[in-house]
Amino acid sequence: QVRLVESGGGLVQAGGSLRLSCAASGLTFSRSAMGWFRQAPGKEREFVAAIAWNDGTTYYGDSVKGRFTISRQNALNTVYLQMNSLKPEDTAVYYCAARPSGTISWGDYWGQGTQVTVSS
């Protein structure tokens with residue numbers, strides 16, 4: 001059974017930083033693309049960042065480029081999201097997602113989410 005557990009959310013002032021972590025189990029982590037998505041109240045879930053399993057290529061949503069960095073540590077089955085220069089509009093529940101090799105969508109595996117609140 002695939003399990004994704006996020007941690008690291010919290011309350012931070014605008015301009016501050018947070019690092020989210022997502023520990024994965026029940027899948028071949030080293031052969032899974034990993035991603036972060038977020039959902040603010042009343043809005044649809046939004047892509048934030050992703051990292052490929054094979055060559056570590058990273059992808060970012062336009063709203064976070066230059067401020068957020070995704071990374072992974074295969075030895076620990078963990079993916080991270082370093083968030084700098086946070087803005088109030090970054091406030092959302094952040095979800096970790098896994099996309100094993102051979103699958104083409106992000107819909108199958110999600111964590112429970114961690115709340116990030118940025119005060120102005």
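Strand E3 pairs with strand E8 (residues 78-83) in the antiparallel sense, over six bridges. Two strands count as paired if DSSP finds at least two bridges between them. Strands (E, at least two residues) are DSSP runs numbered from the N terminus. The model is predicted: local features need pLDDT of at least 70, side-chain atom pairs count only at pLDDT 80 or more, and totals for chains, interfaces and linings use all residues. Residues are numbered from 1 along each chain as its sequence is written, and side-chain values use heavy atoms, with hydrogens and water left out.

Leu20 stands opposite Leu81 in E8. Ser21 stands opposite Tyr80 in E8. Tyr80 is also the bridge partner of Ser71. E7 and E8 pair over six bridges, again in the antiparallel sense. These two strands form a hairpin with four residues between them. In the turn, Asn77 has a positive phi of about 50°.

Now take the sheet as a whole. Four strands form an open sheet in the order E1-E3-E8-E7, with antiparallel pairing. Strand E1 (3-7) and E7 stand at the edges with a single partner strand each, so one side of each is left without a neighbour in the sheet. The twist averages 15° from one strand to the next; axes here are lines fitted to C-alpha atoms, for helices over the stretch in contact, and angles run from 0 to 180 degrees between N-to-C directions.

Is E8 mostly covered or mostly uncovered? E8 is mostly covered, with five of its six residues buried. Buried means under 20% relative accessible area, exposed over 50%, and partly exposed in between (1.4 Å probe, protein chains only). Thr78 lies in this strand and is buried, with a relative accessible area of 10%. A polar atom of the Thr78 side chain lies 2.8 Å from the backbone oxygen of Leu76. Leaving aside neighbours within four places in sequence, Thr78 is in contact (heavy atoms within 4.5 Å) with residues including Ser21, Cys22 and Phe29.

The structure holds one, and a disulfide here is a pair of cysteine sulfur atoms within 2.5 Å. This one joins Cys22 to Cys96, S to S 2.1 Å. Cys22 lies in strand E3 (residues 18-25) and Cys96 in strand E9 (residues 92-100), so the pair ties together parts that are 74 residues apart in sequence. The torsion about the S-S bond is about -80°, so the disulfide is left-handed. Cys22 is buried at 0% relative accessible area. Cys96 counts as buried at 0% too.

Next comes the nonpolar core. Such a core is a set of buried Ala, Val, Leu, Ile, Met, Phe, Trp, Tyr and Cys residues joined through side-chain atoms within 4.5 Å. The largest has 26 residues; Met34, Trp36, Val79, Leu81, Met83 and Tyr94 have the most contacts inside it. Strands that each supply at least two of its residues include E3, E8, E9 and strand E11 (114-119). A second, separate core of five residues includes Ala33, Phe37, Ala50 and Ala97. Tyr94 touches Leu20, Trp36, Leu81 and Met83, among others.

The loop between strand E6 (58-60) and strand E7 (68-73) holds Arg67. At 10% relative accessibility, Arg67 counts as buried. The Arg67 side chain reaches the backbone oxygen of Ser63 at 2.8 Å. Residues that Arg67 touches, not counting those up to four places away in sequence, include Met83, Leu86 and Asp90.

Key: A polar contact is a pair of N or O atoms within 3.5 Å; within protein, one must be able to donate a hydrogen and the other to accept it, and residues adjacent in sequence count only if both atoms are side-chain atoms.
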